[in-house]
Structures are given as structure tokens and as C-alpha cells.
Amino acid sequence: MTKTLALPPVLAPLVERLERLDRRARVNELEGWLHEFQITAKDVSLFVRFGEKNYLRNLVCAGEWFHLLVICWRSGQRSPIHNHAGSTCGVRVLRGTATETRFEFTASGLIRPTISHDMHEGEVVVSQDAEIHQISNLQARGEDLITLHIYSPPLVRMDSYSLTETAIQEYRPITHEFSMGDGI
């Protein structure tokens, strides 16, 4: 296990479960764990860092078969439209309201949104592989969003999509690792 900061004790049972993985986690496993472990924004406060221009992916813990991240979103920030290219992703809203929009391909090769829904504190969503979605913080200025993400296996690349072009781009998300004394 790779730790970036001292692991809060409330996360220990979840991390122990993740460390026992010897394969990719199944959708129902991630969904169950994110419901079972009642993790709050306060529990992960050491990992809460926001970016001014883009959402920020903050690594909590990493193992061979998972990454556990806290992702922080200011008002108006959103992910690219993307899939999870070989990874299962579970998301729990810790603070604020996340808007998830799902997409599908049209006959023209372009994508279109099929559903958009708000997720409030404590709600969980799980997706994998070729499912295309976008997560956004569409709330008023000053209403920050904090989400907990589990990727199994670690998500190091994904496909990103445009509403106006058929070309699929490769996207490699930046993950920030913090350690005690970060910035010194």
C-alpha cells in the first residue's frame, strides 16, 4: 500500500478491504463498500485540496488493484466526458451536490446525453469500462463539492469524448499525491 498522508482511522476498514483485492473489483462490491463505510468530508479533510481552474484529484491510498481518491470541485468545474477504459469506478458524494450526465453514441458517431441527475451527500454511483459520463459541480459559486472515488484497477488513462466531434481522445488524468511536509 502506498500512503500519501497518515491514513485517518475511519478509512482503515475500507482500505483493508481494497488491499485484499487480487483482481478488479466488481461493480456491486464497490457500490456496497461505498454504502457500508459511512465516510464523511471531515474524515478525509487532510486530502481536501481544490484547484482554481480544474477539479483536483487527491490520492489517499494506492494498491496494485485500486486507487482511493478525494476529488475536489469548485462551482462550475467538471470532468471531461469520459469512460473508465478497463476500470471500475465507484463515487460517493461527501459534501455538496454532484451532477452526473450519462451519454450514448448516436448513429452519426457523435455522443448525446441520455440522462442527467443530481447526487447529494451520501449518494453513490458506480460505472465501468465503456460507460460514458461526466461529473460536474453545477451549484452556485461558493458551494464546493467533495467526492470519494475508488478506481479498480487504478485509472491511469481513459477515453474522452466531444459533443461536436467523432474523434475519441486519450486522456491521462493528473493525480496529486501529498505527503507530510508537502510544500516545504
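Let's start with Phe-105. At 43% relative accessibility, Phe-105 counts as partly exposed. Keep in mind that this is a predicted model. So where does the ring of Phe-105 point, and what is its partner? The partner is Tyr-161: the two ring centres are 5.7 Å apart and the planes stand at 75°, so the pair is edge-to-face. Phe-105 sits in strand S6 and Tyr-161 in strand S11. Tyr-161 is buried, because its relative accessible area is 12% and buried means under 20%. Phe-105, at 43%, is partly exposed.

How many aromatic pairs are there? The count comes to two. The other one is Tyr-55 with Trp-73. Their ring centres lie 4.5 Å apart and their planes meet at 15°, so this pair is stacked. Again, the partners come from distant parts of the chain. Tyr-55 is in the loop between H2 and strand S2, which covers residues 56-63. Trp-73 is in strand S3, residues 66-73. Tyr-55 is buried, with a relative accessible area of 12%. Trp-73 is buried too, with a value of 1%.

If you wonder about the two numbers I keep quoting, here is the reason. A pair of aromatic rings is described by the distance of the centres and the angle of the planes.

One more ring before we move on. Which residue lies over the face of Phe-50? Arg-74 does, at 4.1 Å from the ring centre.

Next, charges. Side chains of opposite charge can pair when their charged atoms come close. How many salt bridges does the structure hold? It holds 11. I will show you a few.

Take Arg-17 and Glu-36. They form a salt bridge, with the closest N and O atoms 2.9 Å apart. Arg-17 belongs to helix H1, residues 12-19, and Glu-36 to helix H2, residues 27-36. The partners are 19 residues apart, and the pair links distant parts of the chain. Are these residues buried or partly exposed? Arg-17 has 24% relative accessibility and counts as partly exposed. Glu-36, at 45%, is partly exposed as well.

Now Glu-170 and Arg-157. This is a salt bridge too, and the closest N and O atoms are 2.9 Å apart. Glu-170 is in strand S12, residues 169-171. Arg-157 is in the loop between strand S10 (145-152) and strand S11 (158-161). They are 13 residues apart. Glu-170 is partly exposed, with a relative accessible area of 48%. Arg-157 is partly exposed, at 25%.

Glu-170 has another partner. Its side chain meets that of Arg-172 in a salt bridge, 3.1 Å from N to O. Which residues are in it? Arg-157, Asp-159, Glu-170 and Arg-172 are linked by salt bridges.

Two loop residues next. First, Thr-97. You will find Thr-97 in the loop between strand S5 (88-95) and strand S6 (98-105). Thr-97 is buried, with a relative accessible area of 13%. Its side chain makes a polar contact of 3.3 Å with the side chain of His-120. What else does Thr-97 touch, leaving out residues up to four places away in sequence? The list includes Asp-118, Met-119, Ser-136, Asn-137, Gln-139 and Leu-145.

Then Gln-38. Gln-38 sits in the loop between H2 and S2. At 52% relative accessibility, Gln-38 counts as exposed, because the cut-off for exposed is over 50%. A polar atom of the Gln-38 side chain lies 2.4 Å from the backbone oxygen of His-35. Leaving aside neighbours within four places in sequence, Gln-38 is in contact with Asp-43 and Arg-92. Now look at Gly-122. Gln-38 and Gly-122 are 84 residues apart along the chain, yet their C-alpha atoms are separated by 7.8 Å.

Last, step back to the whole protein. There are two helices and 13 strands. The radius of gyration is 16 Å, close to the 16 Å that the globule rule gives for 184 residues, so the protein is as compact as a globular protein of that length. Its C-alpha atoms fill a box of roughly 50 × 40 × 30 Å along the principal axes. Buried residues make up 46% of the 184. And the contacts? Among those between residues at least 6 apart in sequence, 74% join residues at least 24 apart.

Key:
Residues numbered from 1 in each chain as written. Predicted model: local features only at pLDDT ≥ 70, side-chain atom pairs only at ≥ 80, totals over all residues. Heavy atoms only, no water. Salt bridge = Lys/Arg side-chain N within 4 Å of Asp/Glu carboxyl O. Helix = DSSP H or I, 4+ residues; strand = E, 2+ residues; numbered from the N terminus. Buried < 20%, exposed > 50% of the residue type's maximum accessible area, 1.4 Å probe, protein only. Polar contact = N/O pair within 3.5 Å; in protein donor to acceptor, adjacent residues only side chain to side chain. Contact = heavy atoms within 4.5 Å. Phe/Tyr/Trp six-rings, centres within 6.5 Å; stacked < 30°, edge-to-face > 60°. Lys NZ or Arg CZ within 6 Å of the ring centre and 35° of its normal. Rg over C-alpha atoms; globule rule 2.2 N^0.38 Å.
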